[in-house]
Amino acid sequence: MSNSHETVCTAVIGVGRMGRHHAKIYGHLAGARLVAVVDRELDRAASVAAEHGCDSFASVGELLGKHPELQAASIAVPTPDHSSTAQPLLARRIACLIEKPLATSSVEAQRIVECAAEHDAILQVGHVERFNPAVLAVADMRINARFLEIDRVSPMSFRSLDIGVVMDLMIHDLDIVLMLADTPLVRVDASGVAVVGEHEDVANARLVFASGCVANLTASRLALKTERKLRIFSETAYVSLDYQRRSGIVIRKQGNELALEQLREQLASGADLSNLDYTDLISVEPLSMDNSKRERDPLTAELVSFIGCVRDQRPPTVDGAAGCAAIAAAEQVSQAIREHRWEGLATPSP
């Protein structure tokens, strides 16, 4: 095990919109030292490097030649380039955090995972929502979810139009759902609509798991406002959380049983309860979160975790298997969208 005080030498490959954030965080993160950034656009790489006092290169080969001490790298290049970018690094046992999705297909994702395993290199996938304090709090509750409802909608940004909204946005929530359901996915029904380009901009999917858990997911990049919400229903509790606000509420069955029993008795006796306010009958509490994590930006939390995994040589929270599973689920949703046919309402015979 590495020394807990060791400084991890890092680099960022691809310093576009997302990579710039990685570089900024590494530049100020205790326990990490940003040694270089890499980008095909040399001016962009040089500009980011100047901000953080590190080297800039046009290729991974140049980076490896000048910085043999490199221990970890964030890969934020376009998804089709993930595999070719990561493999030379993984082959040198350099830990890689690859932005989501891990690859363009589950086959390609598996190749990356196999490369990491062959060289005993740490591989983490950038499903940053896992590090949202509200999601962490829900995961700690270990709820036996029976039904999940997730909405992730936002206005059109005109980015990532080379992929559909399933791979662009919904994949965040597919990863969360797979974590919470924690059983095999057995059926997928979905529909989607392409409005701006050739790929779907709006999609809805219904996932059924072996446990009987059902998840309903909606993703859109054509909304008038941004909304990211998750609702979980179980026999013991109802949880609603807001990804953006990093907050949530919990209604537990335990603690509300007496009120619910009285309500059932009144209904059985034929009482008129139409004037009752249901929310007055139950106890609603805020979702309890670790105060040390509540204010931390999820991307910062993700990189802190990644650096900790590199320093201590421990498995990451979101490993290659999780990244592959999310892509496989997204592929099933996309396939279901392609197979879906809307025939319209049947016209009654005269």
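Cys96 is buried, its relative accessible area being 0%, where buried means under 20% relative accessible area, exposed over 50% and partly exposed in between (1.4 Å probe, protein chains only). The model is a predicted one, in which local features need pLDDT of at least 70 and side-chain atom pairs count only at pLDDT 80 or more, while totals for chains, interfaces and linings use all residues. Residues are numbered from 1 along each chain as its sequence is written, and side-chain values use heavy atoms, with hydrogens and water left out.

The structure holds 0 disulfides, a disulfide being a pair of cysteine sulfur atoms within 2.5 Å. For Cys96, which is in no disulfide, the nearest cysteine sulfur is that of Cys115, 8.5 Å away. Cys324 is likewise in no disulfide, and the nearest cysteine sulfur to it, again that of Cys115, is 13 Å away. Cys324 counts as buried at 10% relative accessibility.

Turning to charged side chains, the structure holds 20 salt bridges, each defined as a side-chain nitrogen of Lys or Arg within 4 Å of a carboxyl oxygen of Asp or Glu. Side chains of opposite charge can pair when their charged atoms come close.

| Salt bridge | N to O distance | Separation in sequence |
|---|---|---|
| Arg146 and Glu235 | 3.6 Å | 89 residues |
| Asp151 and Arg231 | 3.4 Å | 80 residues |
| Asp168 and Arg221 | 3.3 Å | 53 residues |

Helices (H or I, at least four residues) and strands (E, at least two) are DSSP runs numbered from the N terminus. The side chains of Arg146 and Glu235 meet in a salt bridge; because Arg146 lies in the loop between helix 6 (133-141) and strand 7 (147-153), and Glu235 in the loop between strand 11 (227-233) and strand 12 (237-242), the pair ties together parts that are 89 residues apart in sequence. Arg146 is partly exposed at 30% relative accessible area, and Glu235 is partly exposed at 47%.

Asp151 forms a salt bridge with Arg231, and this pair ties strand 7 to strand 11. Asp151 is buried at 17% relative accessibility, whereas Arg231 is partly exposed at 21%.

In the salt bridge between Asp168 and Arg221, Asp168 belongs to helix 7 (residues 165-181) and Arg221 to the loop between strand 10 (214-220) and strand 11. Asp168 is buried at 11% relative accessible area, and Arg221 is buried at 3%.

Finally, a network of salt bridges links Asp39, Glu41 and Arg44.
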